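Dear colleague,

I am passing on the structure below for your files.

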Amino acid sequence: MQYSKQDRGVLENESEWDLIVIGGGATGLGTALDSAARGFKTLLLEQSDFAKGTSSRSTKLVHGGVRYLAQGDISLVYQALKERGRLQINAAHLVSKEEFLIPCYDWFSVIKYLSGLKIYDWLAGGYSFGKSKFLSRAEVQKRLPGLVDKSLVGAISYFDGKFDDARLAVNIAQTCIERGGSVLNYVKVNKLLKDKKGKVNGVEAFDLLSGNNHLLHAKIVINATGVFVDDILKMNTPNAEKMVRPSQGIHLVIEKKFLGSDSALMIPKTSDNRVLFAVPWHSKLLVGTTDTPIDEHSLEPRALDEEVDFILDTAAKYFKMRIDKKDVLSVFAGLRPLAAPSKNDSNATKEISRDHKLIVSKSGLITITGGKWTTYRKMSEETIDTAIQTSNLGREKCVTKDLKIHACTSNHSSSHLSIYGSDMANILILASELSGGEEQIHASYPNIKAEVIWAVRNEMAYKVEDVLARRMRMLFVDARAAIEMCPIVAQLMADEMQMSSLWVEEQILEFTQIASEYLLEPLIQEKETTLT
């Protein structure tokens, strides 16, 4: 199915909708899918690419939240564990079980963490991913050979989930289309439309690809724009108080050899009471995250020097091998849309709600924010339930609890194409049909040219960044390699979309500028060269 080509015409041909969802991250996509699956005429508009912001920059965990359990938020953890189990079933090609090890350097820690994780296991009930248990020092040394073992007593082993966030976002978008919805990236909402009574009844949107402006009407408009929710709220009420307080988290990607394990490492309490994870992901090791209050939001937030230093310094206490900046393959930052507290003078993000907020403005605008990837489906269900209660939409029931996401399959393969799920077979067919389709794009990575064409034809990729950042994930895995792949990807896309050589040059320049911010060592060397 040619998703990317069949749907952009709806802006020209359709102007009346049941629901318009603004925002193409986890919550927006989930909300659009829930709506379309209930049979409502649904349109989703995203100003950039799907999951461009927070939703592609997570720690790649599908989890109940051990940290929240320690804070006593039992109901949040219970709900998240149920949703974790559902997501593992409904997106089996992207969500997998992962063993996490919590190193313990005294017996009190063993008792504390094991007892807490037994409660975690109990809360999971029938959706359990595995039982937590104590591992001896010798067992830990075998499973995590790269872990500092001085004074090590043992470790607590527990199970949670990991996934590919941006790939899931794309697959949710495809599922929404299959259910009759329309989802469009690169369409920016610039204004809310209102009727004579001051009720929101649509949006004015600008198609960044065609350059056309559109007036689109709907019975309900939903603001699901993550850290950008306040921008939409101000369109509704210019003097509206801020609903979100962004918190920045960064991740470093390094070679897997630094831990030498398929198990993940979880440090439950760092020097400033944060949690640090080291998670095997796409044959690398993802290390993070930080928790830094930020006053401004951006589509491309930058990792702060102090955040990078914090992760490197913390890792040095637990990793035998020293991690230098030159070892970092990619560094990326994401902004969490944390629900802001009533008092604006707090800088402690741990005191800001991790749960979600759902509000209905006097104008009828519905805003959903906060939460996390794991609970996106439940948040979406609540949002559409609210839309039904506040409008003349039909009383259709939610059907997403058991709805399989596009390409879902339990047949796993060792191929890198396994993240495409059941689409893998079609990609292999395409590769055999295209001239050079089976050729690798980069000598160090298995990605083939057919994947680029597949992304353009079937996954609504319009820019090089869409492919290398969120379809293949190379920008997040190895930024330098992504830059090296860029010219080939740009030319393949240009040939497929019939774009000019000028477009190719612009795309290479644009992507290289973005990708350079994901590197640490090359920028340092360039600065040193400039100074000398």
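The model is predicted, so local features need pLDDT of at least 70 and side-chain atom pairs count only at pLDDT 80 or more, while totals for chains, interfaces and linings use all residues. Residues are numbered from 1 along each chain as its sequence is written, and side-chain values use heavy atoms, with hydrogens and water left out.

Rings of Phe, Tyr and Trp (its six-membered ring) pair if their centres lie within 6.5 Å; planes under 30 degrees apart count as stacked, over 60 as edge-to-face and the rest as tilted. The count is 10 aromatic pairs. One of them joins Phe163 and Trp373, edge-to-face, with 5.5 Å between centres and 75° between planes. Phe163 is in the loop between β6 (154–162) and α8 (165–178), and Trp373, 210 residues apart from it, is in the loop between β18 (366–370) and α11 (376–389); helices (H or I, at least four residues) and strands (E, at least two) are DSSP runs, numbered from the N terminus. Phe163 and Trp373 are both buried (under 20% relative accessible area; exposed is over 50%, partly exposed in between; 1.4 Å probe, protein chains only).

Phe332 and Phe476 also pair edge-to-face, because their centres are 4.8 Å apart and their planes at 75°. Phe332 lies in strand β16 (residues 330–339) and Phe476 in helix α15 (residues 474–477), so the pair ties together parts 144 residues apart in sequence. Phe332 is buried at 1% relative accessible area, and Phe476 is buried at 0%.

Ring pairs also link Phe100, Tyr120, Tyr158 and Phe277 into a cluster.

A charge sits over a ring if NZ of Lys or CZ of Arg is within 6 Å of the ring centre and within 35 degrees of the ring normal. Arg8 has its charged end over the ring of Tyr462, 5.2 Å from the centre, and Lys60 has its own over the ring of Trp281, at 4.9 Å.

Regards
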